[in-house]
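I opened my notebook beside the model and picked a few spots to look up. My entries follow.

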Protein chains: 4
Amino acid sequence: MKVSIIGVTGYSGLELLRYFRQHPFVEVVSIHSHSMNKKSFGDVNPHLQQLITLPLEEINPEKIMEESDLVLLATPSGISKELALPFIEADFPVIDLSGDFRLKKQGEYEKWYASTAAPNNLIQKFDYGLAEYRQYPQSKWIANPGCYATAAQLSLAPLLIEDKILLDSIVVDAKSGISGAGKGLSQSTHFSETHDNMTLYKMNTHQHIPEIIQQLQIWEPKIKAIQFSTTLIPVTRGIFLTTYAKLKQPISDEKLVQLYEEHFEKNPFIRIQKASHYPVLKQVIGSNYCDIGLAYNQETNMITIVTVIDNLGKGAAGQAIQNLNILAGFDEKCGLDNLPIYP
Amino acid sequence: MKVSIIGVTGYSGLELLRYFRQHPFVEVVSIHSHSMNKKSFGDVNPHLQQLITLPLEEINPEKIMEESDLVLLATPSGISKELALPFIEADFPVIDLSGDFRLKKQGEYEKWYASTAAPNNLIQKFDYGLAEYRQYPQSKWIANPGCYATAAQLSLAPLLIEDKILLDSIVVDAKSGISGAGKGLSQSTHFSETHDNMTLYKMNTHQHIPEIIQQLQIWEPKIKAIQFSTTLIPVTRGIFLTTYAKLKQPISDEKLVQLYEEHFEKNPFIRIQKASHYPVLKQVIGSNYCDIGLAYNQETNMITIVTVIDNLGKGAAGQAIQNLNILAGFDEKCGLDNLPIYP
Amino acid sequence: MKVSIIGVTGYSGLELLRYFRQHPFVEVVSIHSHSMNKKSFGDVNPHLQQLITLPLEEINPEKIMEESDLVLLATPSGISKELALPFIEADFPVIDLSGDFRLKKQGEYEKWYASTAAPNNLIQKFDYGLAEYRQYPQSKWIANPGCYATAAQLSLAPLLIEDKILLDSIVVDAKSGISGAGKGLSQSTHFSETHDNMTLYKMNTHQHIPEIIQQLQIWEPKIKAIQFSTTLIPVTRGIFLTTYAKLKQPISDEKLVQLYEEHFEKNPFIRIQKASHYPVLKQVIGSNYCDIGLAYNQETNMITIVTVIDNLGKGAAGQAIQNLNILAGFDEKCGLDNLPIYP
Amino acid sequence: MKVSIIGVTGYSGLELLRYFRQHPFVEVVSIHSHSMNKKSFGDVNPHLQQLITLPLEEINPEKIMEESDLVLLATPSGISKELALPFIEADFPVIDLSGDFRLKKQGEYEKWYASTAAPNNLIQKFDYGLAEYRQYPQSKWIANPGCYATAAQLSLAPLLIEDKILLDSIVVDAKSGISGAGKGLSQSTHFSETHDNMTLYKMNTHQHIPEIIQQLQIWEPKIKAIQFSTTLIPVTRGIFLTTYAKLKQPISDEKLVQLYEEHFEKNPFIRIQKASHYPVLKQVIGSNYCDIGLAYNQETNMITIVTVIDNLGKGAAGQAIQNLNILAGFDEKCGLDNLPIYP
């Protein structure tokens, strides 16, 4: 299988290259950038010198469709909605890592992204790519989920599907490494401002909120809202989610773990921790794993769910490749079978 | 006023020295360590060479009481309860930074610290030193609060005192820098294990939980329990608390801010952020400030309270000096009037 | 004494505010920014809210000279040379923290800063402010040294003045924290690019090279050049210098330490480490100290000099205040007597 | 090919597992620890849970030799010299990652490691494993080089072999991430002491000095000593070496780069940067690459060599596998062909 990557100079694009390097059935045949056509790719990315010898090409959809079998858009929200058009029109497979094709309900994109949405008929063609729960595994067009959204949805899935919690009690306290903000320069990516620091941002307005709700409502239509906040932590990679919810019935830690283990039994990238064990952020870095630990507190009747992913792995490039594997009929683990990098 | 510091080689002890350096009315006349009597103080603490010329002395209560007017115990929980005895028996003032004299209810210390408590009559002599709410400002014996407890109590005080929230809805998601774990060597203070990492520890069992509840019950006796978790973040100093609670009545952000501003009007170390502004961790480092930001979410009817302190400042040494100032009748700000260190 | 600060929103300007807060004889009466006149100072610098209530004013030299006794320019190189003019013309005291008035030899500024120099007669009016070696302590105009330059000059002074080393053997391997690059946004201050990273920059072209040589030639006119390189390390503050030179005669570590101790005997901010002890970066952070450790290697006949300063302390704001103290006839330590912040 | 790993719980051992995971021709058939036989491997290493299902076994040389074709000792210096004996006596292949079999000259190990050396006849059987310069590629016993030694030797090889530099002018200023100190607990691996810090340690006494000299003398017997110092930087992984030397003849940067390019033409893991380009630490993390940048300074007649490796990659596990590939006749790049992890 031959693929092209647009937006290869961003962090998700670079991570796609890293995973495809070890994929047995996929060859990256062309790489493209919407913003950086002139500089030599190796100069800008010295870690890739002598290893990636493909030139950085202009974006020519015709040429891409001639040479490749699928295109991945690792471009920011707002860019993808333009770039995707010619491919969709030509019935050519697209995996989009941006937020442009995720929100199905009209008006949501405008509200949360403060920008014009892609045409609605195109949005509806995309399958939301939470890999463990894809609705149309044969769909040619995949809207790869956001990093926070992936972690939040996987944290809550078993509880909602099994009807275990009070719906108005969910609190998701999310923390993210700085690479989630991409390569762009801003005060919130400035070393002296972020190192040794923590910053809560987009209070109650993060664009992943409607994305999370949309998926939770598939499992439990009665859910209306969740409390969700996002805080930057001084690490490059990783998302650490602490999720709280009140239970309808008390449960033991062992039963809770068992519930999750059984639910995710066939999902090799979801690793449920043993009772009284909680994942640390670093145990998934460089990988596509999503590790989940669970505890029930009988004093408060709440459960705490601790979930970690690599925002560039399961939160972006890793899951994109997992989705590609599903689409292409490969084993889900192809190209994703490496060990996390530790320490 | 002359003071002695026992446990001066720990991080809280060192921070006491740093604040006292700029205190106009207090002189540190002797420094002591329960564990490190032989090594030269300057060799172990090169940042203090030529600046602190006091020798590190053995702990001789008689001599300390002869030379000083007050003793600060910056020793770990479990040590203070032994060291404090001769001073209390001699009716000599003590500020204890450990957890040994904080929990008033019998059995609590044993349960949460898994160790024998100090004699109950001694515990009852101590005033819990949440400086803004001291019950017996003239008390000679002060149990300086824990770092998490300080931040959690200050976050919730106005809401409980003004009866604004549903008592069973409180979730406190607390993050702490590594210096909170002290100088001791363990896997959780090892650089390669903690750098670029986050770790949730003591799930539902942190010893500050009963300390928080004890104070909250003074404000609202009906409160039973809170959901409270503690996570290590890869910074040296600082506590970042995100607290969630459901409101009895909707409120605007402006009213919420006003409620807190009025409540803390006379407390110079509590700085309430303007509506839509949230404190970042670094803005209090090196200081005794506790900065609080607030937001109401009408979708979930929850408020989010973002609170930051320096765990060694308002969370330990700074508050100890604030308590000393109250006890001695000095202006609360004496020795604590410096600007935070930034960046 | 009353002072005004121009460029107060940069890191050196903020650090001036922090030190002046504890200065017994100096009051900051006005603060100014050349780039940020509109935003509220407290919004941009939340660590200062309620503490610094001065408004951010436009730069009006007339008004400044009316209200103040001295102005500090904490503005970048290239800006100071314009801003200083009206003050100098009016015979008003200026301490400039930029590089604009440091290089006395014509053509040097143009060569190393790639920009037009200030008028030569103005440059010559300035005294180079390496505080321990000021040539004209009564000068009204002080060119405060660069951070690297300060550390390099202090490292080598005793050896050159006492004629101990081979002049063509000097190698200075300098490392700096990211705050040295200021608040400006660039790839080299981007968290994801600098965290967990080290980058050598300005290979053989750093603008502090001629500044170092100029001072070394005062002590030893025969010196022509030094090998000097600068590397960014993932810390916010601090300069760590490792300097190597070949000795004319073998020496013991003890004699070497003694040479430095005697040389700097009257300089309270230079702390020479005992033989076999070397300073760590953190032991000077938040202070004006310059700590130096020394070792002789008889296998190579080289000495190694390990020198640490806080780039915003002795490398900028701290030394500026030390220079102000000298100029005003205050004790050198006024406002600079605090303990370093540790850990 | 089947291999066993002893010392798998240390950082180098874990990294061997990570690389072998992607090796097409090698299977890890057993893993062992000399210190941790009881705990479950997955509990201690949660990043490996469900991925490495091998049990942690006791060290039984007979059994290992029965099941495997080669054993890797990722054990600390002082341990390997005992563990290796039965394998060598049985003529069984060993790759040792410790310092126990590197120093060929009698008395050197005792002097620099302050411990009894392995028997001399065994030491002499080992081939020093600087992969690009192995003397006995068929040797069954390989002493894998130290991390600093690898970087220093590769930095200087072309200059010494081509006789370009003054032998008494070499200065190597080496910086290392904290994982180089292993998993052991000490003040120098304590987060609060090392974060935001830099520490020069083992001044003129690092045990890699004789190892470097030994190899340099193979290329240039007249070399006597080098100035070499080692400093800890606050990153987990990576070695950054800045090496200085005086040239016999001036040279242009381009010629210098060409010299290195030609010298390392056949070595896929040595990547020479273009003139005026210098490697950053992060560009080799997670890989076996050694990247080198070069500059000539005509003012000082010195060259500066900037060299970066991952201390756990080319500095340990990566090079061990490269050596295994050479020994087994595999392509040198087998199992090492992944892209570095960035950012």
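I started with Phe269(D) and Tyr289(D), and found both buried (under 20% relative accessible area; exposed is over 50%, partly exposed in between; 1.4 Å probe, protein chains only). The model is predicted, so I kept to its limits: local features need pLDDT of at least 70, side-chain atom pairs count only at pLDDT 80 or more, and totals for chains, interfaces and linings use all residues. Residues are numbered from 1 along each chain as its sequence is written, chains are lettered from A and ligands numbered from 1 in the order written, and side-chain values use heavy atoms, leaving out hydrogens and water.

Aromatic pairs next. Tyr260(C) and Phe264(C) make a tilted pair, 6.2 Å centre to centre with 50 degrees between the planes. Tyr260(C) is buried at 0% relative accessibility. Phe264(C) is buried at 2%. Phe269(D) and Tyr289(D) are also a tilted pair, at 5.5 Å and 55 degrees. That pair links distant parts of the chain, 20 residues apart. Phe269(D) is in the loop between helix H11 (253–263) and strand S12 (270–272) of chain D, and Tyr289(D) in the loop between S12 and strand S13 (290–297) of chain D. Helices (H or I, at least four residues) and strands (E, at least two) are DSSP runs, numbered from the N terminus.

I then checked charges over rings (NZ of Lys or CZ of Arg within 6 Å of the ring centre and within 35 degrees of the ring normal). The charged end of Arg271(C) sits over Tyr289(C), 4.4 Å from the ring centre. Lys282(D) lies over the face of Tyr342(D) at 5.5 Å.

Is strand S8 (residues 171–176) of chain A enclosed or open? I found six of its six residues buried, so S8 is largely enclosed by the rest of the structure. Val171(A), Asp173(A) and Lys175(A) point one way, and Val172(A), Ala174(A) and Ser176(A) the other. S8(A) pairs in the parallel sense with strand S10 (residues 227–232) of chain A, over six bridges (pairing needs at least two DSSP bridges). S8(A) pairs in the antiparallel sense with strand S11 (residues 239–246) of chain A, also over six bridges.

Last, Arg21(C). I found Arg21(C) partly exposed, at 28% relative accessible area. The Arg21(C) side chain reaches the backbone oxygen of Asp337(B) at 2.8 Å.

Conventions: Polar contact = N/O pair within 3.5 Å; in protein donor to acceptor, adjacent residues only side chain to side chain. Phe/Tyr/Trp six-rings, centres within 6.5 Å; stacked < 30°, edge-to-face > 60°.
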